[in-house]
Amino acid sequence: MGRGIAAVLASGGLDVTLCDVEPGTLEEAGRRAVRSRAAAAGGGEVSGSADLARAARARGISWWEAVAEDLAVKQEVFAAVSAATPDAVLATNTSVACR
């Protein structure tokens with residue numbers, strides 16, 4: 001989901017930093033987002049980083065989280081981003097269908 005979100009944000013002209021702990025996943029996600037017609041159309045840049053705090057500081061204004069559906073993992077990511085950029089606007093998404 002993260003690369004799709006990155007492509008949509010880039011299509012709106014926003015610069016996006018994808019962050020993942022797995023370098024191979026990060027590289028592939030970045031390539032797919034950049035190749036996306038939506039990303040190319042808006043002029044936003046898509047880059048990648050394996051360093052969560054560095055990525056959060058680089059963008060600083062907002063952070064969209066798309067990690068596994070595990071509350072502890074989501075809390076860990078939000079805590080790390082909040083520590084790196086206390087004024088960041090944080091957002092989340094879910095891949096779980098609500099009934």
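**View 1. Gly2, a partly exposed residue of helix α1.** With 26% relative accessibility, Gly2 falls in the partly exposed class (buried is under 20% relative accessible area, exposed over 50%, partly exposed in between; 1.4 Å probe, protein chains only). Gly2 sits in helix α1 (helices are DSSP runs of H or I, at least four residues, numbered from the N terminus). Leaving aside residues up to four places away in sequence, Gly2 touches Leu18 and Ala66, where contact means heavy atoms within 4.5 Å. Gly2 and Leu18 are 16 residues apart in sequence, with their C-alpha atoms 7.5 Å apart in space.

This is a predicted model, where local features need pLDDT of at least 70, side-chain atom pairs count only at pLDDT 80 or more, and totals for chains, interfaces and linings use all residues. Residues are numbered from 1 along each chain as its sequence is written, and side-chain values use heavy atoms, with hydrogens and water left out.

**View 2. Helix α1 and what follows.** Ile5, Ala6, Ala7 and Ala10 are the buried ones to look for in α1, residues 2–11. Just past α1, Gly13 adopts a positive phi of about 90°.

View 3. Lys74, Val77, Val81 and Ala84 are the buried residues of α5. They share one side of α5, because they cover an arc of only 100° around the axis (taken from the directions from the helix axis to the C-beta atoms). On the face turned away from that buried side are exposed Leu71, Glu76 and Ala83.

**View 4. The start of α5.** Here a side-chain oxygen of Asp70 comes within 3.0 Å of the backbone nitrogen of Ala72.

How values were computed:
Helix = DSSP H or I, 4+ residues; strand = E, 2+ residues; numbered from the N terminus. Polar contact = N/O pair within 3.5 Å; in protein donor to acceptor, adjacent residues only side chain to side chain.
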